[in-house]
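Please keep the sequence and the model in view while reading.

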Amino acid sequence: MRDDASSVARPSAGGSPAAERLAAIAERTSGGRMQEEMARVEAILTQVQTQGDQALLELTERFDGVRPDPLRIPRERLAAAWQATPVPLQEALRLAHQRILAFHQQQLPADLAITGPHGEQLGRRWRPVERAGLYVPGGRASYPSTVLMNAVPARVAGVQRLVMVTPPGPGGEPNATVLAAAHLAGVEEVYRVGGAQAIGALAYGTETIPQVDVISGPGNLYVTLAKKAVFGRVAIDSLAGPSEVLVIADHTARVDQVAADLLAQAEHDPLAAAILLTTSEALAAALPAALEAQLENHPRAEITRTALNDWGLIVVCDSLTQAARLSDWFAPEHLELLVEDPERLAEQIQHAGAIFMGPYTPEAVGDYLAGPNHTLPTSGTARFAGALSVETFLRHTSLIRFNREALEATGAAVISLAESEGLHSHAESVRRRLT
């Protein structure tokens, strides 16, 4: 978000520069480079599939600089990490766990049972998958919140075996707070391996790591491409890209709060996007200086500046309705409404992963403990996808039981439809029951 004219876009009647820039931001991880990276990922997955644990040890040593032998972290280490966690942080984790649990418990779908007009029984039955793989990223930061946001809905769904993978740190151990969060969430099976090789282990299974039914959790580009490659062998939650926030603000918004919220997203990753759509010329003019003031002595200043310079945007809109239309076109992962009447504006929004309304709802509360899941659709996929949920770890089965009356009442139609498709035995299977 450079402090020059190119950082501010204005929608125009004949073709919107703002929309063009938003399109470039949405497509920031696509292109020819992805084909090259996918080839690397597929090679890693093949190595894991053919060599198992040996591949995990060699690849982790190559990419992370440590040889994670043994791969599994003892349960006692998880309990010890919890005990060593400072009490204020324990209390914060407990509060987050309680709120996330309470919200997700309300998501459990009910089984469906219907009696048809001829006495036939129709239904849908929900059951959890047997094994879920939880990916918790490491690298630039540690994410105990991701442990809770993935483990809690899986537990609520009734998954019996949770298998967590997370990259080892410089000393060979994952972040201690991540391990503490795993203990709190009841995850007993944790492996210190990350990247595409960890996704391969969960998808194919190795001598040590079991094959799972569904993989959830965000990661870097290689993790995302690996999830894309193994989809079909296992289920996945989503293909999460770099994080993004879009703020719609009017004259009531405080520039320091807008700046802090944009920086909170930009500090995640050099590819993170931070976008402001505003009806206030004064706010747009004051924002660059406010960003610079908060970047002074920022511990993640280099990452944050890169994200802002490459993927930051300020758009001055004629109206909030215009801002809402642009937002819907972009379909942001996180949408903040820092406006006088956020509820009214929210009614105009159709596409967003999560909407944060009003000055006391920074996106950070959603990241940690509001309750709804923080694993959200990115890169425009909020047009057709939603947050990770309890249903991510459930599968439903249709239940059908016809009696003779129901088959007699509908059989002629089934025979007619089958014959129209040229499927003789389909029709015959009904005909033989009615003679």
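Of the 435 residues in the protein chain, 49% are buried, where buried means under 20% relative accessible area, exposed means over 50% and partly exposed lies in between (1.4 Å probe, protein chains only). This is a predicted model, in which local features need pLDDT of at least 70, side-chain atom pairs count only at pLDDT 80 or more, and totals for chains, interfaces and linings use all residues. Residues are numbered from 1 along each chain as its sequence is written, and side-chain values use heavy atoms, with hydrogens and water left out.

The secondary structure comprises 17 helices and 15 strands; helices (H or I, at least four residues) and strands (E, at least two) are DSSP runs numbered from the N terminus. The C-alpha trace spans about 85 × 60 × 45 Å along its principal axes. Among contacts (heavy atoms within 4.5 Å) between residues at least 6 apart in sequence, 73% join residues at least 24 apart. The chain exposes about 20500 Å², of which carbon and sulfur atoms supply 51%; accessible areas come from the Shrake-Rupley method with a 1.4 Å probe, and for residues only the protein chains shown count as cover.

The interior can be described through its nonpolar cores, each a set of buried Ala, Val, Leu, Ile, Met, Phe, Trp, Tyr and Cys residues joined through side-chain atoms within 4.5 Å. The largest core has 36 residues, and those with the most contacts inside it are Leu134, Val159, Leu162, Met164, Val187, Val190 and Phe393. At least two residues of this core come from each of helix 4 (75-84), helix 5 (87-105), strand 5 (131-135), helix 6 (144-157), strand 6 (161-165) and helix 7 (176-185). Helix 6 supplies the largest share, eight residues. Leucine 134 illustrates the packing: leaving aside residues up to four places away in sequence, its contacts include Leu162, Met164, Val187 and Phe393, as well as Asn150 and Ser216.

A second, separate core has 30 residues, among them Leu45, Leu56, Tyr191 and Val223. Val223 belongs to helix 9 (residues 221-230), in which Thr224, Leu225, Ala226, Lys227 and Val230 are also buried. After helix 9 comes glycine 232, which has a positive phi near 115 degrees.

The whole structure contains 14 salt bridges, each defined as a side-chain nitrogen of Lys or Arg within 4 Å of a carboxyl oxygen of Asp or Glu. In one of them, the closest N and O atoms of glutamate 173 and arginine 77 are 3.5 Å apart. This pair links distant parts of the chain, since glutamate 173 lies in the loop between strand 6 and helix 7 and arginine 77 in helix 4, 96 residues apart. Glutamate 173 is partly exposed at 33% relative accessibility, and arginine 77 is partly exposed at 29%.

Aspartate 111 and arginine 127 form another salt bridge, at 3.8 Å from N to O. Aspartate 111 is in the loop between helix 5 and strand 3 (112-115) and arginine 127 is in strand 4, so the bridge ties together parts that are 16 residues apart in sequence. A further bridge joins arginine 305 to glutamate 292, with closest N and O atoms 3.0 Å apart; arginine 305 lies in helix 12 (residues 301-311) and glutamate 292 in helix 11 (residues 281-295). Glu419, Glu428, Arg431 and Arg432 are linked in a network of salt bridges.

A cis peptide bond, with omega about 10 degrees, joins aspartate 69 and proline 70, and proline 70 lies in the loop between helix 3 (53-64) and strand 2 (72-73). Asparagine 297, a residue other than glycine, has a positive phi near 65 degrees; asparagine 297 is in the loop between helix 11 and helix 12 and is exposed, with a relative accessible area of 75%. Alanine 331 also has a positive phi, near 55 degrees, and is located in the loop between helix 13 (320-330) and strand 13 (334-338). Alanine 331 is buried, at 0% relative accessibility.
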